[in-house]
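Dear colleague,

I am passing on to you the structure that we discussed for your course. Please open it alongside this message and look through it once before reading further.

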Amino acid sequence: MRKLPGDASPRTNFRNAQLLIIEDDPDHGLIIEKAIRQCLPEVKPVLVGSKEEAIAQLEQYTSSSWKLLKLILLDLYLPGRDDGWAILETINQKAATHGKVPVVLLSYSDNPSDVEQAYDLGCASYVVKPSGYPDWITYFETFRTYWWETVVLPGMR
């Protein structure tokens, strides 16, 4: 196994980790948050429900706390897609000063143009939302294996 520089390893993904959830539907937000708490109990989910709340939350992250933000789950339609694209652009602008935090775009849309534009704008992954709570659990179990136990996410310096 190749040694990673410094303290970079998947184990560090859980150290004081926060996951920002940007979801405008309160019911979906609660389901997502509950599934995350069940599948990723080491991670602190932070839920916001609008473009304005998301941008305000991103502004609150200072350079040191931004490093604790490991991943962002972004609903594309907030309720319109333009809001999702605007947030993704804001995140990418912050990456220049705070480092790149991966964004997983969540949507019920499987429209190829949405998927293509999401990747063009820099999202790390595009996922069509599961339909029920058991499917969310399955999703976050897989999510844990890939994003938290395999990939090395932005870490503490």
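The paragraphs below describe what was found, beginning with the whole chain and then turning to individual parts.

Please keep in mind throughout that this is a predicted model.

**Overall layout**

The chain has 157 residues, and 46% of them are buried. Its secondary structure consists of six helices and five strands. Among the contacts with a separation of 6 or more, 73% are between residues 24 or more positions apart.

**The nonpolar cores**

In soluble globular proteins, nonpolar side chains tend to be buried together. Here the largest nonpolar core contains 22 residues. Leu20, Ile22, Ile72, Leu74, Ile87, Leu88 and Leu105 are the residues with the most contacts inside this core. Two or more residues come from each of β1 (18–22), β2 (44–48), α2 (51–60), β3 (69–75), α4 (81–98) and β4 (103–107). The largest share is that of α4, which supplies four residues. Another core, of 21 residues, lies apart from this one, and its members include Ala17, Ala35, Leu106 and Val127.

Leaving out residues up to four places away in sequence, Leu74 touches Ile22, Gly84, Ile87, Leu88, Val103, Val104, Leu105 and Leu106.

Val48 and Leu20 are 28 residues apart in sequence, yet their C-alpha atoms are 7.7 Å apart in space. Beyond its neighbours within four places in sequence, Val48 is in contact with Leu20, Ile21, Ile22, Glu23, Glu53, Ala54 and Gln57.

**Helix α1**

Helix α1 spans residues 26–39, 14 residues in total. From its first C-alpha to its last it reaches 20 Å, close to the 20 Å expected at 1.5 Å a residue. At the start of α1, a side-chain oxygen of Asp25 comes to within 2.8 Å of the backbone nitrogen of Asp27.

Which residues of α1 are buried? They are Gly29, Ile32, Glu33, Ala35, Ile36 and Cys39. Because these residues cover an arc of only 165 degrees around the axis, they are on the same side of α1. On the other side of α1, the exposed residues are Pro26, Asp27, Leu30 and Lys34. The buried residues of α1 pack against β1, β2, β3, β4 and α6.

His28 also belongs to helix α1. With a relative accessible area of 22%, His28 is partly exposed, since the buried class requires a value under 20%. Not counting residues up to four places away in sequence, His28 touches Glu23, Tyr108 and Lys129. The side chains of His28 and Tyr108 make a polar contact of 3.3 Å. His28 and Gly132 are separated by 104 residues in sequence, while the distance from C-alpha to C-alpha is 9.7 Å.

**Helix α6**

In α6, the residues Trp136, Ile137, Tyr139, Phe140, Phe143, Arg144, Trp147 and Trp148 are buried. The buried residues of α6 pack against β1, α1, β3, β4 and β5 (125–128).

One of these residues, Arg144, may be examined in more detail. Arg144 is located in α6, which runs through residues 133–148. Its relative accessible area is 16%, and Arg144 is therefore buried. The side chain of Arg144 is joined to that of Glu42 by a polar contact of 2.8 Å.

**The cysteines and a cis peptide bond**

A disulfide is a covalent bond between the sulfur atoms of two cysteines. How many disulfides does the structure hold? The number is zero. Cys39 is buried, with a relative accessible area of 9%, and Cys123 is buried as well, with a value of 6%.

Most residues other than glycine have a negative phi, and most peptide bonds are trans. The bond that joins Leu78 and Pro79 is a cis peptide bond, with omega at about -5 degrees. You will find Pro79 in the loop between β3 and α4.

With kind regards

Technical notes: Residues numbered from 1 in each chain as written. Predicted model: local features only at pLDDT ≥ 70, side-chain atom pairs only at ≥ 80, totals over all residues. Heavy atoms only, no water. Buried < 20%, exposed > 50% of the residue type's maximum accessible area, 1.4 Å probe, protein only. Polar contact = N/O pair within 3.5 Å; in protein donor to acceptor, adjacent residues only side chain to side chain. Disulfide = S-S within 2.5 Å. Core = buried A, V, L, I, M, F, W, Y, C linked by side-chain atoms within 4.5 Å. Contact = heavy atoms within 4.5 Å. Expected span 1.5 Å × (residues − 1). Arc of directions from axis to C-beta.
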